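Trainee: I would like to learn how to read aromatic pairs, nonpolar cores and strand pairing in a model. Please take me through one case.

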Amino acid sequence: MPNHIAIIMDGNGRWAQKKFLPRVAGHREGMNTVKKITKHASKLGVKVLTLYAFSTENWKRPNDEVNFLMQLPVDFFDTFVPDLIEENVQVNVMGFIDELPPHTKKAVENAIRDTKDNTGMILNFALNYGSRSELLEATKKMAKKVQQNELTLEEIDEETFEKELMTASLGEFQEPDLLVRTSGEERISNFLLWQIAYSEFYFTRILWPDFSEEVLENAIGIYQKRNRRFGGL
């Protein structure tokens, strides 16, 4: 079983368009899929489920859609946190949280607080997240430490660098074993560029609102047949 599964949830808008619905209807249905997949991943024994919910580039979308997406975490956590507590799932959110609208930030902080004592799977949302910005911020933090004589150049290695990344709180599970992208797109889209160096990839044409427990299990089954050599033989 992969300890850490990361998913680029893609295809909400196209799902809605196919049904002659507004794009926001796809995002709402996608939220229901998140609930379903979270529960199933937890039951399967996954340790961390990271979901790419909103990228730093998504601010370029139309204002109405962005406003809807910023309300989604509020609605999601308002209805789903009791289930998460029952499932013993802990919420974690990585990204530039301080740049979120106040109501979104508050919903995120409340969900983290309300589930902090849960000891099961970590549901890790990437919200207002971009990997290039993450890497730049980590580099600046290390440069500042060197400047203030808290760190020497010789002490900079992969381990010290990873402590400055947004996934540091995930500890031994900060690198995804399996990366899934839905909707048929086969690109990374500025997601976990450092952390997925040796992740296994699984691409499916299924749109995120149609992503089911069976599809998740199929992705895991394919992952389990892979031979992960990490550069060796």
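Mentor: We go through the aromatic rings, then the core, then the strands. Keep in mind that this is a predicted model.

Trainee: How many aromatic pairs are there?

Mentor: A pair of aromatic rings is described by the distance of the centres and the angle of the planes. Here the count comes to 11 aromatic pairs. One of them joins Phe-54 and Trp-59, with 4.9 Å from centre to centre and 75 degrees between the planes, an edge-to-face arrangement.

Trainee: Is Phe-54 buried or exposed?

Mentor: Phe-54 has 2% relative accessibility and therefore counts as buried, because the cut-off is under 20%. Trp-59, at 34%, counts as partly exposed.

Trainee: What about the pair of Phe-77 and Phe-125?

Mentor: That pair is edge-to-face too, at 5.8 Å between the centres and with 90 degrees between the planes. Phe-77 belongs to helix H3 (residues 63–86) and Phe-125 to strand E4 (residues 122–129), so the pair ties together parts that are 48 residues apart in sequence. Both Phe-77 and Phe-125 are buried. They also belong to one aromatic cluster, together with Phe-76 and Phe-80.

Trainee: Which residues have the most contacts inside the largest nonpolar core?

Mentor: In soluble globular proteins, nonpolar side chains tend to be buried together. In this model the largest nonpolar core has 43 residues, and Ile-5, Ile-7, Leu-49 and Phe-77 have the most contacts inside it. H3 gives the most to this core, with 10 residues. Another core, of 11 residues, lies apart from it and includes Tyr-52, Met-94, Ile-188 and Ile-196.

Trainee: What does Leu-49 touch?

Mentor: Leaving out residues up to four places away in sequence, Leu-49 touches Ile-5, Ile-7, Ile-37, Thr-38, Ala-41, Met-121, Ile-122, Leu-123 and Asn-124.

Trainee: How many residues of E4 are buried?

Mentor: In a regular strand the side chains alternate between the two faces of the sheet. For E4, 8 of its 8 residues are buried.

Trainee: Which strands pair with E4?

Mentor: Strand E2 (residues 48–55) pairs with E4 in the parallel sense over 7 bridges, and Leu-51 stands opposite Phe-125. Strand E3 (residues 90–94) is also parallel to E4, with 5 bridges; there Gln-90 stands opposite Ile-122.

Trainee: What handedness does the unit of E3, helix H4 and E4 have?

Mentor: E3, H4 (residues 102–115) and E4 make a β-α-β unit that is left-handed.

Technical notes. Residues are numbered from 1 along each chain as its sequence is written. This is a predicted model: local features need pLDDT of at least 70, side-chain atom pairs count only at pLDDT 80 or more; totals for chains, interfaces and linings use all residues. Side-chain values use heavy atoms; hydrogens and water are left out. Rings of Phe, Tyr and Trp (its six-membered ring) pair if their centres lie within 6.5 Å; planes under 30 degrees apart count as stacked, over 60 as edge-to-face and the rest as tilted. Buried means under 20% relative accessible area, exposed over 50%, partly exposed in between (1.4 Å probe, protein chains only). Helices (H or I, at least four residues) and strands (E, at least two) are DSSP runs, numbered from the N terminus. A nonpolar core is a set of buried Ala, Val, Leu, Ile, Met, Phe, Trp, Tyr and Cys residues joined through side-chain atoms within 4.5 Å. Contact means heavy atoms within 4.5 Å. Two strands pair if DSSP finds at least two bridges between them. A crossover is right-handed if, with the strands pointing away from the viewer, the path from the first strand over the helix to the second runs clockwise.
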